[in-house]
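Colleague: Could you walk me through this one, starting with its pockets?

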Amino acid sequence: MRYLPHTDVDVQQMLEQIGVSSIEELFSGVPENCRLKKPLAISDAKSESELLLFLKGLAEKNSKTSDWDSFLGGGAYNHFIPTVIDQLVSRSEFYTAYTPYQPEISQGTLQAIFEYQTMICQLTGMDVANASMYDGASACAEAALLAIRAGKKRHKVLLSQGLPPQYRETVATYCRYLDVDLIDVPLQDGVTSQQELSALLDEQAAAVIVGYPNYFGQIEDLAAIAELTHTAGARLVTAVSEPLSLALFKAPGALGADVVVGEGQSFGIPLSYGGPGIGFFAVRKKDMRVLPGRLVGETVDQDGKRGFVLTLATREQHIRREKATSNICSNQGMCVLMVSIYLALYGKQGLRKLAELNYAKATYAKNQISQLKGFAIPFAGTSFNEFVVTCPEPVARLKKRLEQQGILAGISVGRDYSDLKNGLLICVTEQNSREQIDRLVLALAGGEA
Amino acid sequence: MDFPEELKYTEEHEWILVEDDIATVGITDFAQDQLGDVVFVELPEVGDNVEAGETFGVVESVKAVSDVYAPVSGEVIEINEDLLDEPETINNSPYDAGWMVKIKLSAPELLEGLMDVSSYQEFVEKD
Amino acid sequence: MMSTEGRGLVLEENLLFEQSQPGRVGYSLAAPDVPMTVPDAALTRTEIQGFPELSEVDVVRHYTRLSTWNYGVDSGFYPLGSCTMKYNPKVNEAAARLPGFTDIHPQTPEALNQGALELMYNLQRDLGEISGFPAMTLQPAAGAQGEFTGMLMIHAWHEANGQKRRKVIIPDTAHGTNPASSALAGYEVVTVASNGILTKEAVAAVMDDDVAALMVTNPNTLGLFEADIRGICDLVHERGGLVYSDGANLNALMGISRPGDIGIDVMHFNLHKTFSTPHGGGGPGSGPVGVVEKLKPFLPLPVVTKDADGYKLDYDRPQSIGRLKSFYGHFGVLVRAYSYILSMGGEGLKRATELAVLNANYIRARLEPVYTLPNKQRSLHEVVFSEDGLQNECHTLDVAKRLIDYGYHPPTIYFPLVVHGALMIEPTETESKQTIDEFCDALLAIAEEAKDNPELLKQAPVRAKVKRLHEAMAARKPKLRWESE
């Protein structure tokens, strides 16, 4: 086997040095009643060429976004990925390294994380960002737990119904056996109802969590929500599933958010059937010590030279054990790198231009569809690169019809929102040409593309 | 290692100096040495009531975290705010500039369970 | 801060922000093909303050230079105990980058992504065969989320049986995630002392009707197989509890012993350890969880199933603990792990385990005459020495840092906590006798240096990008982001 370097002679010499006569003897600590008495029923080893052929066969049974006119979003976004990213993250000094516990030989990873933390702070308008979490949904759940921890005796978390359903479900899983009450805040015209929110807020509320943009692509009035939330003494958590929006719309930090979490997949990470992505997590200085996850900080070495280390580790599980701020003990290292390279390439100007282009294309599509007979745009507010339309025919049927024309039309929202039974969530990014959008519009109207 | 004569000590490695009905509390030279470089100190607020045996603060080093237990019951009347900015004072001056809180004793007569210097020294050596 | 002089090819490299030049760009965008409209100005920001402005060349050179300051498995031997830093096969990277795997959207109808679902289904089956568990979830994003998933399922099972149990027993050798995950699942932690190997008596002393589960790591963090495990599982089961096993050290067991056969009820895998997927400088990991039949209804959503029409994502599971993350686990990592299993085959996996154990025992035999081995029992895939016996007040940290000067990544240090100044070495099976001999020679030389010239250890490393870093300073006045002056 090409990954196993031992020759028979090596094995013999090693056994002699150890003082045993067979490898079998080394397992004498495993009692007889714990032994597996048969070979593993796993297929025989494949050669590299056989393996690639086989996996290619599986890969080809899938539907690549690039082969379709895809308007799918809903928490995973089809953006262009510059060639540079895969070239750089393929440097194995990055991807075959472990967590940077030995800072002297991990300065590459550490500086990259420090830069990532900085860029997340700049984008969100916050003070401190961690080295990343698993994904947007789990980061959102950890944000709810942070609010409970920091909110002392408060135990209610108010979840806007505009949060992506998978975020709400993940928060519920995390809080399943903790002393936390989860309360839904209804929507009004596609955004969090301020009236309902103020009725639900009381001195038990630790946090209010809203999407920005929310699941329907709508831009919430964060400043007003922040004011209501703070008046009640709770923290405002903003969950961002499409972070490209932050290059165009006001930063949540500038509007009063206390915690900003979200999914960073849009920034240079392949869709990859939904994972791995990356959860970003940013807070105000006051919550620095209740933050979950890894943190990198700047310091100096013995010669006074700048260097970076993992820091504030006493919050974490390997030291505080059951009293840790979270059980997480990894970050999404590889994905941190992808996001950082993406942001560095697009930079201040490019990210803004890209966000504007997404907005313009989605707006064009929205306008075109709104003119179709039987279709309506149910929400009047501003949306970013996603929007909901209500359709004159059952969404399942419509989607199937468009599939036959090579179009993935969007996501049915009726399953999660009963009052939007015929709602379709359409996402338009820079990857969708005007021709594609026009084909979609034509197909929706019942024509052949 | 230095253990001043005039202080009382606990098994959790706090020291107490009682003057009238006011107890000043900190951690011992042994405790700071075990922890290593102290990087963060969390203190109660003035006006808080503490119970003997309950935690009232936290001392953190780079690699360890230690709760600090109140050796006596009473009201916190002063905290050493300098520690919040310069936690290393605990390493440099555990018995003097590194004091943590002053507690007004609710029952000054209840000071049993505390060790004098020789018993504490013995306790540390045994540990 | 301006760039100072480089030292040969150990290049200096400023932060992205310090290199930024107004007006410089590193992107390209197609000309707009729709009318450019902008949102209401009241909603938009002016610019992202401080964000970098760099050319593509700037960015490429920046990250290339940064990479040279890192040490990966491809750079050299990486004997980090309990982390299983085996070689990351390159074909797995190629497999995970097939466009049919990278360019598929999670919201695509299941019928259109049958290849991805088939891969996940097959991987579930193979992991089940390796571990002896009839049911599996690939959802958890990492080992710690796997632990949390397992503990939630245990909680849900007790709850479904009308039981309210509050405690989980965890040995003192456990990794810190075990108590942290238990607490997150709503449990109080009871720590039990283990003198190398956990005994039935020690468990019996703390086991009662309020204990929901025992959480063990097998082989444990000393590299020892828990010889009493069957009896311990029986005992816990008799008192109505379940047994969770942390699968971090599964690399010692493939083809030898299956947790699902010996009384364990739940176990998580670390695909980034046993199944060769890269650690990525901290992640992404992947932490599938295998369970016995009775826990199957509680698996997180969704579960990959197969029927006459093909593969499906099953959401109709009323007793499920629910969703753990946005979509279906770290699919890209799953592809790599499956590719590894296919390359190795059943026999190859067993051989990997055998050679991993051979390598660890060979290191033990070569170093035992000089380094102190506190636990003499037969160990498997890793070996733990203590710092006792090091001369001139040299500590484990000094040995670790000196190893860097010799060109090695240090072993895990100061863990497990039960060993004084632990030096925990796990070589894995992918290292040759020659590599291991050179490493052992280095450690033996360091022990000599401790005797004759301890300053070499205490000043180490001197050949890395930076010298020892001031960790207390970083923690006292945390500087966690760059800010313009």
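Colleague: What volume lies in the second largest pocket?

Modeller: This is a predicted model, with local features needing pLDDT of at least 70 and side-chain atom pairs pLDDT 80 or more, while totals for chains, interfaces and linings use all residues. Residues are numbered from 1 along each chain as written, chains are lettered from A in written order, and side-chain values use heavy atoms, without hydrogens or water. A pocket is an open set of points on a 1 Å grid over the protein atoms alone where a 1.4 Å probe fits, with protein on both sides within 12 Å along at least five of seven lines. Counting the space filled by probe spheres set on the points, the volume is about 1500 Å³.

Colleague: Which strand gives the most to the lining of that second largest pocket?

Modeller: The lining (residues with an atom within 4 Å of a point) has 42 residues, and A:R149 and B:E42 are among the closest to the centre. Elements giving two or more residues include helix 6 (136–150) of chain A and helix 7 (177–184) of chain C. With 5 residues, the top contributor is strand 6 of chain B.

Colleague: Is A:N331 buried or exposed?

Modeller: A:N331 sits in the loop between helix 10 (317–320) and helix 11 (333–370) of chain A. Its contacts (heavy atoms within 4.5 Å), leaving aside neighbours within four places in sequence, include A:I113, C:G281 and C:P284. Buried means under 20% relative accessible area, exposed over 50% (1.4 Å probe, protein chains only). Because its relative accessibility is 4%, A:N331 is buried.

Terms used: Helices (H or I, at least four residues) and strands (E, at least two) are DSSP runs, numbered from the N terminus.
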